[in-house]
Amino acid sequence: MNLDNELELNFERTIEYAKHMDHADPLGELRKDFLFPQQNGRPFIYLCGNSLGLQPKAACEVINVQLKSWENMAVEGWFQGNAPWMFYHKTIKEMIAPIVGAKPSEVCPMNTLTVNLHLLMVSFYKPSGKRYKIIMEAGAFPSDQYAVESQVRFHGMDPADAIIEVSPREGEYTLRTEDVIAQISEHGEEIALVLFGGINYFTGQWFDMEAITIAGHAAGAIVGFDLAHAAGNVPMHLHDWGVDFACWCSYKYQNAGPGGISAIFVHEKHFEERSLNRLSGWWGYKESERFKMEKGFVPEYGADGWQVSCTQVIPMALYHASLSLFKKAGYMEPLRKKSIALTSYLFYTINQVNLALGEEYYKIITPLNSSDRGAQLSMIAKQDGKVVFEHLVANNVLGDWREPNVIRLSPVPLYNSFEDIYVAGNLLLEISKKLFK
Ligand SMILES: *Cc1c(COP(=O)(O)O)cnc(C)c1O
């Protein structure tokens, strides 16, 4: 099946159409590799992969394998067995790289996301003279705001002066690329770091990462991204775009479990820069000589040189289980194709609900154009948004609610179907008629 051709046909809000699309979906079988939460003896239609991805069925087994290694080999497990812990991150790097468009040497799984954001800012936020400002999107995820503020204070500066936030225009919800670029060039020589989300958690807007990178570099700044909502959701080319650094968590679109391990990207152009600060630890030391336990830090080549503590084997095993499913899917290209079709179908469905109600009760604030968004749609109900959301949950459709007024729904191509969206649309119409008519 060619979903692009399929998309040229008009969508229909009928069960026959949804089933037809599912039948023709080459990735439809992958859904069987996941465990769905249940309520009242029925599985949820899970539209919340933007927050916590579903558990791969293999999760339990991969943990057990590691527990067995620990049981049977104990400390010897670091160097012995089929997959010695000492090198365990290497197989994972090979599978992370195609997800973000990097070379395996440029990525490394480690720590958790906000911790990595701090570690990378230690290296890549280097205020000096009048070039000391950070430019970021207004309304970034709170953890990122706190991290940036504290980094600025750590350098002895005032966040109110050193942080520039780019906001949407009056009456708009999302940023215009031209406004981001204009602000970057306007502040040019004052900017030390451009730090953006790949996709904004609230609006679902996918920023033009390549254009932002080019503009940041033209201004002489370093450019980094927090890809929490982009990694495993949209295809990226971090290496080719020349992005300096990035980090993301694995528990959203990458299904590696609550508090799952994060990963970093450092562009290879920075590998040999000895002047970069690092908060170092023994695990970032040159691997072949790590156990000589010598004085004086010598970093391992590549992103691995940013490791601090020893490998977190069990969280990595979970990440491995999930990455295996991305590999099985053929990585991002086929997933993205289905994702565009699914989310466009959700867009269409919500608009059909509005039409049936005779008014725009649900305003979608996520950009319409698929090149400006990933899987997630964020919508604001004209009234009683929380009641609508709770009705969906009570009827086995799980999205999420973000204060003050947004319902986020994210069909995930690894495990959602067109029928899921059809059913969710019916429920939305049903509750809306009750509430608004
Ligand atoms: C989910 C998310 C986080 C969460 O950070 P943790 O350190 O994993 O708790 C941070 N930043 C962004 C942009 C996020 O979407």
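Lys 68 and Glu 71 sit 3 residues apart in helix α3 (residues 59-73), so about one helical turn separates them. Their side chains meet in a salt bridge, at 3.0 Å from N to O. Salt bridge here means a side-chain nitrogen of Lys or Arg within 4 Å of a carboxyl oxygen of Asp or Glu. Searching the whole structure turns up 21 salt bridges. Helices (H or I, at least four residues) and strands (E, at least two) are DSSP runs, numbered from the N terminus.

Before going on, note that this is a predicted model: local features need pLDDT of at least 70, side-chain atom pairs count only at pLDDT 80 or more, and totals for chains, interfaces and linings use all residues. Residues are numbered from 1 along each chain as its sequence is written, and side-chain values use heavy atoms, with hydrogens and water left out.

The protein chain splits into domain 1 (3-35 + 331-436) and domain 2 (62-328), with bounds that come from an automatic or database domain assignment. Their C-alpha centres are 30 Å apart. Domain 1 puts 30 residues into the contact and domain 2 puts in 24, where contact means heavy atoms within 4.5 Å.

How much area do domain 1 and domain 2 bury between them? About 2300 Å², with 65% of it on carbon and sulfur atoms. Buried area is the accessible area (1.4 Å probe) that two parts lose on being put together, summed over both. On the domain 1 side, Tyr 331, Met 332 and Ile 365 lose the most area to domain 2, together 33% of what that side buries.

The count of salt bridges between the two domains is 1: Lys 328 and Asp 33 meet through their side chains at 2.7 Å, N to O. There are also 8 residue pairs in polar contact, both residues at pLDDT 80 or more. A polar contact is a pair of N or O atoms within 3.5 Å; within protein, one must be able to donate a hydrogen and the other to accept it, and residues adjacent in sequence count only if both atoms are side-chain atoms.

On domain 1's side, the elements giving two or more residues are α12 (332-357), β14 (377-381) and β17 (406-409). Helix α12 gives the most, with 3 residues.

**Around the ligand**

Leu 113, Thr 114, Phe 141, Asp 144, Asp 226, Ala 228, His 229, Tyr 251 and Lys 252 surround the ligand, each having a heavy atom within 4 Å of it.

| Residue | Ligand atom | Distance |
|---|---|---|
| Thr 114 | oxygen | 2.6 Å |
| Asp 144 | nitrogen | 2.6 Å |
| Tyr 251 | oxygen | 2.6 Å |

Most residues other than glycine have a negative phi, and most peptide bonds are trans. Tyr 331 has a positive phi, near 60°, and is found in the loop between α11 (313-329) and α12. The peptide bond from Glu 403 to Pro 404 is cis, with omega near 0°. Pro 404 lies in the loop between β16 (400-402) and β17.
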